[in-house]
Amino acid sequence: MARIGLTGGIGSGKTTVAALLADRGAVIVDADQIARDLVEPGGTALGELVTEFGPRILQADGSLSRGELARMAFGDPRATERLNEIMHPLIRAEAARRLAERPDAALVVYDMPLLVETGQRDLVDLVVVVDVPEDVQVDRAVRLRGLDAADVSRRMAVQATREERLAAADVVIDNAGDPADTVRQVDELWQELVVYGLGPSDPPNTVPG
Ligand code: ATP
C-alpha cells in the first residue's frame, strides 16, 4: 500500500485531481471532511473548542455555529493560532488512523490543503502538489467556485507560498492548462506508481522472495 499526500493552494484543483485518482481506484482520505467530522456533536474537537471559545460557538441544538467560530477565531491572530493548535493535531491523528485503516487499498490519497504548512508530510510516502499560478487560483476560486474574493485572499495569505509548496513536492501536476492536460498527467503519475511498485499492481520484474 502506498500513501500519497495531495496538496495545493485554494482553487488549485486538488478536488479535481483527487476525483481522477479515485476514478482509477485510489481510496481518498479527505482532511476537510475529517475537520467537519471532528466538530460534529460528540466529535473529538467540539468539547475542546467550547472550552477555548465558550458556549456561544454552539447553536441551540448543541451543534457548532461555524459562523460564530469563524468570527471569533479569524478576527484575532492569537485566536486563530489557538484554533489551529486544537484542530491540527486532531486532524493529523485522525488522518493517520484513516490512512492505516485501508491496508487492502493499493493506493490511499490524503487530500490535505495544509499538508506542508502543518508538517504532515511524514504521514505519506510521496507528496503530489497541484500547481497553478496565483492569478489562476483566485480566478477559479471566485468565478467557478463562487467564493468571496476577500476570503480567498485571506486564505491564500495563511497558506504556504507557491515556492514553499513546490519545494516540498515529489511530483508536480500542472493544472493551469485545460482539463485534458491534467487527465494526461494523472494517467502518467498512475502509470509511474504502477511501474515503481508504489501503486495498484505488483511492480514488473520483481524477484519472488
Ligand atoms: P479548494 O481549495 O477551494 O477546495 P481545490 O484545490 O479542491 O479548491 P477544485 O475544486 O478541484 O480545486 O478546482 C477549483 C475550480 O476549478 C473547480 O470549479 C474546478 O472544476 C475548476 N478546475 C479545476 N481544474 C481545472 C482546469 N484544468 N481547467 C479549468 N477549470 C478547472
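Helices (H or I, at least four residues) are DSSP runs, numbered from the N terminus, and leucine 38 lies in one of them, helix H2. The model described here is predicted.

**Helix H2 against helix H5**

- The crossing in which H2 passes H5 is right-handed.
- On the H2 side the contact is made by Ala31, Ile34, Ala35, Asp37 and Leu38; on the H5 side it is made by Met87, Leu90, Ile91, Glu94, Ala95 and Arg98.
- By class, the contact of H2 with H5 comprises 8 nonpolar residues, no polar residues and 3 charged residues.

**Leucine 38 in helix H2**

- Leucine 38 belongs to helix H2 and is one of the H2 residues that make the contact with H5.
- Its relative accessibility is 6%, and leucine 38 therefore counts as buried, the cut-off being under 20%.
- With neighbours within four places in sequence left aside, leucine 38 is in contact with Gly43, Thr44, Ala45 and Leu46, and also with Met87, Leu90 and Ile91.
- Met87, Leu90 and Ile91 are also among the H5 residues in the contact between H2 and H5.
- Leucine 38 and proline 103 are 65 residues apart along the chain, and their C-alpha atoms are separated by 23 Å.

**Helix H4 against helix H5**

- H4 contributes Leu69, Met72, Ala73 and Phe74 to the contact, while H5 contributes Ala79, Thr80 and Leu83.
- The contact of H4 with H5 consists of 6 nonpolar residues and 1 polar residue, with no charged residues.

**Phenylalanine 53 in helix H3**

- Phenylalanine 53 has its place in helix H3 and is buried, with a relative accessible area of 8%.
- Residues up to four places away in sequence aside, phenylalanine 53 touches Leu69, Met72, Ala73, Ala79, Arg82 and Leu83.
- Of these, Leu69, Met72 and Ala73 are among the H4 residues, and Ala79 and Leu83 among the H5 residues, in the contact between H4 and H5.
- Phenylalanine 53 and alanine 73 are 20 residues apart in sequence, with a C-alpha to C-alpha separation of 8.3 Å.

**Helix H6 against helix H7**

- From H6 the contact involves Glu134, Gln137, Val138, Ala141 and Val142, and from H7 it involves Ala149, Val152 and Met156.
- The residues of the contact of H6 with H7 comprise 6 nonpolar, 1 polar and 1 charged.

**Valine 132, between strand E4 and H6**

- Valine 132 is found in the loop that runs between strand E4 (126-131) and H6.
- With a relative accessible area of 2%, valine 132 is buried.
- Not counting residues up to four places away in sequence, valine 132 touches Ser12, Gln137, Arg140, Arg162, Asn175 and Ala176.
- Gln137 is also one of the H6 residues in the contact with H7.

- Serine 63 lies in the loop between helix H3 (44-53) and helix H4 (66-74) and is buried, with a relative accessible area of 15%.
- The side chains of serine 63 and aspartate 61 make a polar contact at 2.7 Å.
- Beyond residues up to four places away in sequence, serine 63 touches Pro41, Ile57 and Leu58.
- Threonine 118 is found in the loop between strand E3 (107-111) and E4.
- A polar atom of the threonine 118 side chain lies 2.7 Å from the backbone oxygen of leucine 114.
- Apart from neighbours within four places in sequence, threonine 118 is in contact with His88 and Met112.

Key:
Residues are numbered from 1 along each chain as its sequence is written. This is a predicted model: local features need pLDDT of at least 70, side-chain atom pairs count only at pLDDT 80 or more; totals for chains, interfaces and linings use all residues. Side-chain values use heavy atoms; hydrogens and water are left out. Contact means heavy atoms within 4.5 Å. Helices (H or I, at least four residues) and strands (E, at least two) are DSSP runs, numbered from the N terminus. Ala, Val, Leu, Ile, Met, Phe, Trp, Tyr, Cys and Pro count as nonpolar, Asp, Glu, Lys and Arg as charged, and the others, Gly among them, as polar. Buried means under 20% relative accessible area, exposed over 50%, partly exposed in between (1.4 Å probe, protein chains only). A polar contact is a pair of N or O atoms within 3.5 Å; within protein, one must be able to donate a hydrogen and the other to accept it, and residues adjacent in sequence count only if both atoms are side-chain atoms. A crossing is left-handed if the near helix is turned anticlockwise from the far one by less than a right angle, and right-handed if clockwise.
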